[in-house]
Amino acid sequence: MRMCGRAHLSTDFSEIKLVFNLPPDQPVPNFAPTYNLAPTDPIPVIRRDPETRARRLDVIRWGLIPYFWHKTLKELKFTTINAKAEGIETASFYRLPFRQRRCLIPLDGFYEWKKLGPDDKQPYSVGLKGGGLMAVAGLWDRWQRSSEMVHSATIITCPPNSLCAELHDRMPVILPLEAWSVWL
């Protein structure tokens, strides 16, 4: 079963700009609040502007498409919504994004399904104890061929903490505020 295959984000983007210390004059992308953010959906990411180095908020596709793997989007057979933290710095699929294209993914929470039996699962919404936004570690990449360009992202996962271990054997890497700048 895929880990962190659904998430939710209903926090207004004006609040996201404040929490993540984004420039006040930065335009707010068009993104509708959702309680069912799914793979291939647009997902908000915070990344560094390559020219100004300031943080910026963009909305890109959830499911990493590395720039060199496919000649056309029609032949696209493999993307990844999650990336295991272990070995990410050397894996060919993630090596370049890990070095040059890190991002923070703001979420109110994510969903996991606890197996109750062979065909029975119970969904759980996982969020911060005090509520509010979490910053999940991510990678992004840019795929381009001629005039076609797609920006995409993946969520990095790690072994679960004691609470999430009851639901799944992986969880997103949730970064504390003091790690945001280091990660970016």
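Author: Buried means under 20% relative accessible area, exposed over 50%, and partly exposed in between, with a 1.4 Å probe and protein chains only. This is a predicted model: local features need pLDDT of at least 70, side-chain atom pairs count only at pLDDT 80 or more, and totals for chains, interfaces and linings use all residues. Residues are numbered from 1 along each chain as its sequence is written, and side-chain values use heavy atoms, without hydrogens and water.

Reader: Why is Cys158 called buried?

Author: Its relative accessibility is 19%. The cut-off is under 20%, so Cys158 counts as buried.

Reader: What makes Cys164 buried?

Author: Cys164 has 7% relative accessibility, so it is buried too.

Reader: What makes S1 and S7 a pair?

Author: Strands pair if DSSP finds at least two bridges between them. Strands are DSSP runs (E, at least two residues), numbered from the N terminus. Two bridges join S1 (residues 7-9) to S7 (residues 109-115), and the two run antiparallel.

Reader: Why are S2 and S8 called edge strands?

Author: The open sheet has four strands in the order S2-S1-S7-S8, paired antiparallel. S2 (34-37) and S8 (121-126) each have a single partner strand, so one side of each lacks a neighbour in the sheet.
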